[in-house]
Amino acid sequence: MRAWSAPNIPALDDHAPVPSIFDSRLNEIVQLPRERSSASLYVCGITPYDATHMGHAATYVAFDLLNRAWRDAGFEVNYVQNVTDVDDPLLERAEQTGVEWEALAEGQTDLFRADMEALEVIPPQHYIGATESVDWIVPWVEQMLADDLAYRVEGYVDDEGNEHPGGDVYFSVRKAADTQNDPARWFLGYVSNYSEREMAPLFAERGGDPQRPGKYDPFDALLWRAHREGEPQWNGGSLGPGRPGWHIECTVIAERYLGMPYTVQGGGNDLRFPHHEMGAGHAFAMTGDLMAEHYAHTGMVGLDGEKMSKSKGNLVLVSTLREQGVDPAAIRVAILANHYRSDWSWSDELLSEATRRLESWRKALRTSGSTAPEDTGPSDRLVDEVRQALSQDLDAPTALRAVDDWASKALAGEPSGDPEAVSDVIRARLGVAV
């Protein structure tokens with residue numbers, strides 16, 4: 001699957017510090033390894049049935065900051081992202097709207113690409129659809145069955161009289177787990193740090209089926225869904241016709257393109273459990289290794305103080321804002337005004353402030369003249385301040401305030417240094433076209 005066009009990233013002098021980041025599994029800020037020359041990043045992609053809402057945008061902009069930080073530190077970055085282009089929510093939306101699921105997925109994925117390109121997000125080297133990975137997933141699930149890490153369940157009829165065929169395959173979390181007291185090995189709660197009491201409602205809310213008859217454990221996750229009438233299907237070899245479960249897709253794609261453990265697993269905070277938890281379990285069960293060295297998660301985005309969700313229908317879509325003529329650079333500045341780990345709300349006021357901020361920067365760049373090399377102090381300081389802020393847990397709000405301070409002084413007629421250097425650091429490190 002193709003990604004999108006890469007933005008222009010100006011080259012900056014020297015190298016920036018290697019960034020630190022908050023590891024949500026360890027619950028602390030960690031220094032990412034300095035002694036390497038490369039890094040690997042996997043960020044879970046969209047299920048394309050209504051792309052791209054502001055929560056999506058905030059997540060991909062956040063990990064774009066990490067990608068840019070590594071690159072500015074001299075690292076080569078291998079970035080992988082998936083697209084869950086077949087799953088229950090997509091199929092349900094297709095049925096509701098009377099659109100073929102393939103057409104819905106293709107159209108929304110195209111829209112997502114356009115949004116990411118407009119927001120100047122660096123594309124992944126590998127952009128992989130779930131439908132492209134089925135042939136890689138099937139052998140994994142077959143091996144899990146052979147190793148007694150997975151099992152088949154029998155069919156049943158639910159309370160509404162719907163018949164569910166036998167043959168669904170589930171991952172056994174208890175058999176996959178190693179000794180509970182060894183922090184170097186995977187166990188249920190390893191990634192999320194949630195208790196089973198905390199996990200139970202989240203598992204049910206986030207695609208799990210704890211009450212499914214025949215399961216060994218409520219937290220066992222679906223690996224392969226046997227074919228149902230009217231659903232898409234693939235050749236599952238010995239598994240029979242059907243389609244993959246959600247969590248296994250990311251594990252297999254990540255292992256294929258990054259190997260394990262890779263440097264950072266990223267996504268929204270709602271993916272900590274069960275998605276990243278189960279992915280780590282699959283990885284450990286099959287490879288004997290941890291999935292990722294570090295886990296980083298973005299906060300949740302609301303609308304005017306209320307949780308933004310598909311079920312409430314209060315999504316702010318990047319494409320809608322763009323259609324209204326909003327400058328994508330202002331959208332990105334509005335996102336960057338909030339630290340990536342914080343929960344925050346989108347509002348008209350936030351966008352208005354971002355628009356004013358962006359215009360102030362642009363005006364300062366237009367009015368500041370070229371400077372002799374010996375007079376570049378203000379711009380040199382700004383480059384250092386932006387780099388330092390972003391090296392410390394991707395602190396974009398502090399970086400934005402540094403640019404504000406430079407712009408305010410430049411507009412007041414104070415020495416501003418080299419405007420090209422200022423423009424370059426804003427574009428290269430913040431991803432904002434000025």
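# Briefing on a predicted model

Pro-274 sits in helix H8 (residues 272-287). Helices (H or I, at least four residues) and strands (E, at least two) are DSSP runs, numbered from the N terminus. A cis peptide bond links Phe-273 to Pro-274, with omega about 5°.

This is a predicted model, in which local features need pLDDT of at least 70, side-chain atom pairs count only at pLDDT 80 or more, and totals for chains, interfaces and linings use all residues. Residues are numbered from 1 along each chain as its sequence is written, and side-chain values use heavy atoms, with hydrogens and water left out.

**Backbone features**

- Most residues other than glycine have a negative phi, and most peptide bonds are trans.
- Pro-261 lies in the loop between H7 and strand E12 (262-268).
- Asn-27 is not a glycine, yet its phi is positive, near 60°. It lies in the loop between strand E1 (20-23) and strand E2 (28-31).
- Asn-27 counts as exposed, at 57% relative accessibility. The cut-offs, for a 1.4 Å probe and protein chains only, are: buried under 20% relative accessible area, exposed over 50%, partly exposed in between.
- Asn-193 also has a positive phi, about 65°, without being a glycine. Its place is the loop between helix H5 (173-176) and H6.
- Asn-193 counts as partly exposed, at 44% relative accessibility.

**Helix packing**

- The axes of helix H4 (residues 134-146) and helix H7 (residues 246-257) come within 10 Å and cross at roughly 110°. Axes are lines fitted to C-alpha atoms, for helices over the stretch in contact, and angles run from 0 to 180 degrees between N-to-C directions.
- H4 is therefore roughly perpendicular to H7. Angles of 65 to 115 degrees count as roughly perpendicular, under 35 as roughly parallel, over 145 as roughly antiparallel, and the rest as oblique.
- H4 brings Trp-136, Ile-137, Trp-140 and Met-144 to this contact. H7 brings Ile-248, Glu-249, Thr-251, Val-252, Ile-253, Glu-255, Arg-256 and Tyr-257. Contact means heavy atoms within 4.5 Å.
- These residues of H4 and H7 divide into 8 nonpolar, 1 polar and 3 charged. Ala, Val, Leu, Ile, Met, Phe, Trp, Tyr, Cys and Pro count as nonpolar, Asp, Glu, Lys and Arg as charged, and the others, Gly among them, as polar.
- Helix H2 (residues 88-97) and helix H3 (residues 101-118) pack at about 110°, with their axes 9 Å apart. H2 is therefore roughly perpendicular to H3.
- The H2 side of the contact is Leu-90, Leu-91, Arg-93 and Ala-94, and the H3 side is Trp-101, Leu-104 and Ala-105. The residues divide into 6 nonpolar, no polar and 1 charged.

**Helix H10**

- Of the 9 residues of helix H10 (residues 328-336), 8 are buried, so H10 is largely enclosed by the rest of the structure.
- The buried residues are Ala-329, Ala-330, Ile-331, Arg-332, Val-333, Ala-334, Ile-335 and Leu-336.
- Their cover includes helix H1 (54-72), helix H9 (318-323), strand E16 (344-346), helix H11 (348-367), helix H13 (396-411) and helix H14 (419-430).
- Asp-327 caps the N-terminal end of H10, with a side-chain oxygen 2.9 Å from the backbone nitrogen of Ala-329.

**Cysteines**

- A disulfide is a covalent bond between the sulfur atoms of two cysteines. The cut-off here is a pair of cysteine sulfur atoms within 2.5 Å.
- The structure holds 0 disulfides. For Cys-44, the nearest cysteine sulfur is that of Cys-250, 3.9 Å away. That is too far for a bond.
- Cys-44 is buried at 6% relative accessibility. Cys-250 is buried too, with a relative accessible area of 3%.

- Arg-212 lies in the loop between helix H6 (196-205) and strand E10 (221-226). It is buried, with a relative accessible area of 7%.
- Not counting residues up to four places away in sequence, Arg-212 touches Val-153, Glu-154, Tyr-156, Pro-165, Asp-168, Tyr-170 and Arg-228.
- Tyr-156 is in strand E7 (residues 156-157) and is partly exposed, with a relative accessible area of 22%.

Definitions and conventions. Polar contact = N/O pair within 3.5 Å; in protein donor to acceptor, adjacent residues only side chain to side chain.
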